[in-house]
Amino acid sequence: MKVALAGNPNCGKTTLFNAITGKIEHVGNWPGVTVEKKEGKVKQSLNPNNENLVVVDLPGAYSMSPYTSEETVTKDFIQNERPDVIINIVDSTNLSRSLFFSTQLLELGIPIVVALNKSDLAEKSGITINVPVLSEKLKCPVIRTISTKATNNGLPELIKAVIAAGKSDKKQEAPLKLSATKALSKEESEKVDKKRYTFVNSLVTEVERKKISPERQTIQDQADRIITHKWLGIPIFAAVIYLVFSISQSWVGPLLADVFVGWIDLLYEGVASLLGEEVNPVLGALLLDGIIGGVGAVIGFLPLIMVLFFCLALLEDSGYMARVAIVMDRFFKKVGLSGRSIIPMIVGTGCSIPGVMATRTIKNARQRRTTAMLTPFMPCGAKLPVIALFAGVFFGEKAWVGTSMYFLAILVIIISALIIRQITGDYSKSYFIMELPKYRVPSIKRATISMFSRAKAFIIKAGTIILVCNAVIQILQSFDWQFQVVAENAPETSILASLATPLAILFIPLGFGLWQFAAAAVTGFIAKENVVGTLAVTFAVSNFIDTEEFALVGGSAEVNAIFGISAAAGLAYLVFNLFTPPCFAAIGAMNSEMESRKWLFGALGFQLGMGYVLAFFVYQIGTLITVGTLGEGFGAGLVAVAAIIGIVVYLMRKGRRNKQASGQIQTV
Amino acid sequence: MALSKGKLNTPYVVNGVNTEHEGIREFLFALGCYPGEKVTIISKLASNYIINIKDARYSIDEDLANAIMV
């Protein structure tokens, strides 16, 4: 039996899906988190007779006439795949709007079970709903649910009703005899929709009793006035991000990392003593330095990342993220994007892939492609170890490094969007409308679940892709082209060094023209965590975090000396890794969302150029400030940077001419 | 008049949506913002309006606030 979950955005479909299937799909307290359908089986505890129940979670939709492409996913699934039963999730705190979609679903002939979700919140805000009358009028079962609660949540009753509905042969009767599926002219469909709302409105007056008028100003509205304030909005956002970084990178994270890295050290020493002296030194080094050392260096950052994801999950759950979209809308609008674009970017702070996929909610093609191109600039989870490493090595664990990288990312995104708008010559505007979720106290339990699922993914990645990469790097640096073991004092003769050196020459003007850094930047395209792993392997530093006080092994100064580059070059390298193209998996996601080769290659070229230019300026200006002279290779670098900027300016002028040729600006 | 000229906390009755834009009118309809229904401005922010339609709050930009006629 195939059961589809359908309902308005942010009514809690995915939360209910997770509750009945035991899965841990990403949820957030804002509309548009789910952009693809997801499948799962109903948990045994809710399905005692072991019925074959497959549940499909669909993206939220306000109606069967889709406005955004994720709404289309929902409509197409329901119309083409004909599920056996639809659970229509209705937000009890917004009955009248939700029931509009319900009336459309009820006309399809598919059995419907209505889940009156968030019924605890409705009760709290003084809303009472007469369930028996509602059920009778809609001609379908209506069950009260609270999917955030573990017990007494109405879910067993819901599943029972679903099974009963699926087994009966009766076709769903529509409460309103209108045809939603027939192709109607615009005027006709408007008339039909009006009838629908008239029906819903009279139904709601009959079954719903409200104590408080929804138009009344609430404390939440007062809070919004401050949080999304013209001048205060940005500083508040900065403070929130700074707090998150302080907690994860300066307070709680390091405490946990201490313990954790201690274990990795013990493992390293244990394996070393087990291997003893007799073992082949190349094999020993492969196991110890390549695998345990390299993977350990990445895994060492796990506690920091877990704490960070915990904090971000709390923020997502609170409803704050939707407010960030409002704060940013003003700036994004000026560069041809909208506040809608901030949502993929916020999702992208976890991982760029779902972030890029979330661009589907953007209707305008240029805005969607630009957002898909710029979302990977947000520091994702995999880039955090890189940030944490460089913040530690060169800047003594300061939370401002991470925070400033987020804001640098936003700044770079805004500038890039401006450039792209000029290049495309597309000045179309679009309206911005977004539902504001209610604030709520974030759930510790949900944040914990989200944190552990991220941690699991991180560990799996470290144990597979990163482990293999580190082993390969270790082998490539242990042998030369004659497959002889590289002499200890001549690491530059290794296969790895000779492969990476030509690339390293390009990086001289950026301050990190060493083959180790070049190799790490390349492995970073496979997975960004590899940057840390490869640096650990090639510089033979087994862990970057000291057990004592979360300073680097032997103090920052020493690792700094091992790396052999200045702080300015370190920052340049960090910037280079953050603003070059993302990992291959994310590039794949960009490809599928952009639906255009031209855009994809343009995006990759733009990202490479952006990374190079930014790193060049960071290194050269940083060196000028700290040392008083320009850095190495300034002349050659300047030529390269001037060439990149020249190409961009040429394209921008061309775009502007096209725009003038095509005439006036349209609102799309 | 356009909703953008409206006063705070005053329920207005929607007259129409004045736009060439495909789809936005239908979208607003699905939310319950169509001729005859009520809309209230909860607050005006930098360049955004927070409005109440039915039982929900939405953030809209100035362009859309100019397009909704009340």
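How many bridges join strand β1 of chain A to strand β4 of chain A, and in what direction do the two strands run? Five bridges join β1 (residues 2-7) to β4 (residues 85-91), and the pair runs parallel.

## Before we start

This is a predicted model, in which local features need pLDDT of at least 70 and side-chain atom pairs count only at pLDDT 80 or more, while totals for chains, interfaces and linings use all residues. Residues are numbered from 1 along each chain as its sequence is written, and chains are lettered from A and ligands numbered from 1 in the order in which they are written.

## Chain A as a whole

Let's begin with the overall picture. Chain A holds 26 helices and nine strands; helices (H or I, at least four residues) and strands (E, at least two) are DSSP runs, numbered from the N terminus. Its radius of gyration, taken over C-alpha atoms, is 28 Å, close to the 26 Å that the globule rule gives for 668 residues, so chain A is as compact as a globular protein of that length. The rule itself is 2.2 Å times the number of residues to the power 0.38.

Along its principal axes, the C-alpha trace of chain A spans about 85 × 70 × 45 Å. Of its 668 residues, 52% count as buried. A residue is buried if 20 or more other C-beta atoms, placed from the backbone, lie within 10 Å of its own, exposed if 12 or fewer do, and partly exposed in between.

## Two domains

An automatic or database domain assignment supplies the domain bounds: domain 1 covers 2-210 and domain 2 covers 234-662 of chain A. Their centres, taken over C-alpha atoms, are separated by 40 Å.

Where the domains meet, 15 residues of domain 1 are in contact with 20 residues of domain 2; contact means that C-beta atoms, placed from the backbone, lie within 7 Å. The side of domain 1 that touches domain 2 is made of five nonpolar, eight polar and two charged residues. Here Ala, Val, Leu, Ile, Met, Phe, Trp, Tyr, Cys and Pro count as nonpolar, Asp, Glu, Lys and Arg as charged, and the others, Gly among them, as polar.

## Meeting chain B

At the boundary between the chains, 33 residues of chain A are in contact with 31 residues of chain B. Elements of chain A giving two or more residues to this side include α7 (186-207) and β9 (433-436). The residues on the chain A side divide into twelve nonpolar, nine polar and twelve charged.

Strand β9(A) is joined by four bridges to strand β5 (residues 56-61) of chain B, and these two run antiparallel. Leu436(A) has Arg57(B) as its bridge partner in β5(B).

Terms used:
Two residues are in contact if their C-beta atoms, placed from the backbone, lie within 7 Å. Two strands pair if DSSP finds at least two bridges between them.
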